[in-house]
Amino acid sequence: MLYKDAQSAEKRLHQSTSSIAKQSVWTSIAKLYRKVVINHPRSGYSDDALYYEAEIYLEIFRRFDDRAALIRALDSYLLLANGYPASRWARKARLSRGKLFLKPLSDRKSASIALRKVVSLWPNASEAAEARRLLNNLSRPKPAASESFPKGVVGVRNIRHWSDSKREYTRVVIDLDKDVKYRQGQLENPDRIYFDLIGTRVTQALASKSFPVEGDFLKQIRVGQNNPGVVRVVLDFKRISEYNVFWLPDPYRLVVDISGRKPRPQTLVADKTPRPAPPPRTTPTPRTTPMPGAEDTAALKLPPAPTRDGFSTARQLGLSVGRVLIDPGHGGRDPGTQSKKLQEKHLVLDISKRVAKLLEKDNFEVMMTRRSDVFIPLEERTAIANSKGADLFVSIHVNASRNSRPRGTETYFLNLTNDPAAAEVAARENATTTRRLSELNDLLQKVMNNSKITESRELATHVQNSMAGDLFSSPRDSRNRGVKKAPFYVLLGAQMPAVLVEVAYLSNRKDEALLANVAYRQKIAKSIAKGIRSYHETLGQTTTVTASGARIVAPQ
Ligand SMILES: [Zn+2]
């Protein structure tokens with residue numbers, strides 16, 4: 001039969017070095033595959049034949065640099081996707097079209113149309129996740145396109161910063177084309193940090209940009225081409241107590257968190273998480289990427305001491321937990337996960353507003369990272385939490401799975417994970433891949449040493465238990481997916497207890513129906529607010545830490 005003939009011809013081609021070098025042989029096999037489609041369009045082999053035909057034309061394009069073959073491949077994919085929409089190859093074909101329009105064709109408009117089709121047809125497929133990531137990159141304004149550099153030279157594209165001089169906190173983000181080696185150093189009188197980015201060049205747009213700096217903690221940002229291959233970024237401060245540096249990929253950015261005062265000790269629970277030693281304040285030593293680990297010194301936080309007015313610090317801190325930052329995930333050009341009818345960004349904004357209202361009724365001071373449908377980068381959300389001095393940070397999301405079966409609620413705190421399912425959730429929320437995420441592990445470990453893991457786990461437990469209690473008939477209900485850990489970018493560097501809630505699965509039809517229901521969204525909001533309140537109440541207790549690290553909690 002025809003299909004088998006085409007397959008064995010292709011097999012022979014790969015075994016013969018003389019045939020493999022001849023474009024005409026490749027073309028003849030593509031034509032054999034097409035014959036299957038023409039003669040037996042309903043044979044069940046036709047979709048496979050079209051897929052292999054496209055692959056062969058792509059190979060011709062690559063080997064013989066024949067652009068006409070590339071166009072043929074695009075046509076074969078389209079014929080497959082339109083003619084055989086139920087075929088297992090249909091999603092791959094549409095995704096491949098989108099990618100080819102991106103590269104090598106650089107046709108952004110056609111790419112965007114093709115990729116959006118993947119997202120709308122198969123919102124929960126892994127192909128849709130990839131299409132969304134590519135669409136995100138597409139819609140990102142690209143100064144890169146206007147200024148290109150010779151091969152091997154990495155562009156330094158932009159510098160962004162968020163500051164609060166009252167709290168003496170700044171996050172600076174340097175946008176680059178790629179991760180690079182860098183040297184960092186800290187100098188005194190006046191306090192300043194600098195980064196020498198190796199093998200980089202600053203864009204003209206950035207070189208001529210001025211950085212208006214508000215307040216007097218971060219005084220100035222300077223960027224310049226220190227020598228032909230090195231861009232130097234200098235940050236001038238009033239005074240620095242500690243700082244943290246880490247990379248985020250997709251797209252690459254170097255994130256620097258700087259504190260003047262030590263971040264407030266909100267810790268009420270013995271926290272045995274080792275904290276890294278402060279960076280050396282001496283002459284800089286060259287550093288490479290990833291940064292070498294600083295020697296970790298285990299420091300147990302001390303019990304809160306009584307203050308002058310008779311209240312314990314714990315009590316004071318208990319009161320100060322009143323400022324909550326609610327973070328509705330995604331927004332604007334980033335819809336998050338989607339079903340045919342619903343988009344995560346709208347659902348989580350609605351739920352977040354409801355949570356905010358409920359907490360305000362309880363006299364919490366509530367802030368939100370967004371109140372409308374706007375895009376906010378993940379690293380900015382954490383910067384808002386730190387610079388606004390939030391006491392708790394709660395990011396609200398809707399889950400999705402490749403498989404339509406999983407449903408229910410899970411709450412995350414920041415940590416590394418060995419659980420592939422949790423890593424997949426984090427990768428999706430981070431708009432990156434699980435592979436990239438695991439490459440980052442060493443780096444992330446350092447940042448996490450500085451974060452409030454113990455408190456965040458407690459907060460997650462309160463929120464999850466409250467949700468499970470209110471939404472499901474029994475805590476044993478399989479929809480109670482529990483407290484989990486994973487490296488979410490949005491939680492990285494948060495100086496307060498911080499959690500991410502996945503309220504339900506949009507990829508599950510029953511959960512989707514629930515999410516579409518206003519009363520259910522209010523129920524979710526109520527249970528989240530209740531969980532936050534219940535965590536807050538535990539802080540109104542005095543906590544004593546014994547020498548052995550045991551924890552005694554006594555009500556006030
Ligand atoms: Zn999300």
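Tutor: What follows is a close look at one helix, then a brief turn to a sheet. The model is predicted.

Start with helix 7, residues 108–121. Its length checks out. At 1.5 Å a residue, its 14 residues should span 20 Å, and the end C-alpha atoms are 20 Å apart, which agrees.

Now its buried side. Ala111, Ala114, Leu115, Val118 and Val119 are buried in helix 7. They lie on the same side of the helix, because they cover an arc of only 140 degrees around the axis. These buried residues pack against two helices: helix 6 (90–102) and helix 8 (126–139). The face turned away from the buried side carries Lys109 and Ser120, which are exposed.

Four strands form an open sheet in the order 3-4-7-6, and the pairing is antiparallel. Strand 3 (182–187) and strand 6 (218–227) stand at the edges. Each has a single partner strand, so one side of each is left without a neighbour in the sheet. From one strand to the next, the twist averages 15 degrees.

Look at one pair in that sheet. Strand 3 and strand 4 (residues 192–198) run antiparallel and are joined by six bridges. Gln186 stands opposite Ile193 in strand 4.

Last, a single residue. Ser438 sits in helix 15 (residues 434–439). It has 17 other C-beta atoms within 10 Å, so Ser438 counts as partly exposed. Ala427 is eleven residues from Ser438 in sequence, and their C-alpha atoms are 9.7 Å apart in space.

Key:
Residues numbered from 1 in each chain as written. Predicted model: local features only at pLDDT ≥ 70, side-chain atom pairs only at ≥ 80, totals over all residues. Buried ≥ 20, exposed ≤ 12 C-beta atoms within 10 Å, placed from the backbone. Expected span 1.5 Å × (residues − 1). Arc of directions from axis to C-beta. Contact = placed C-beta atoms within 7 Å. Pairing = 2+ DSSP bridges. Axes fitted to C-alpha atoms, helices over the stretch in contact; angles between N-to-C directions.
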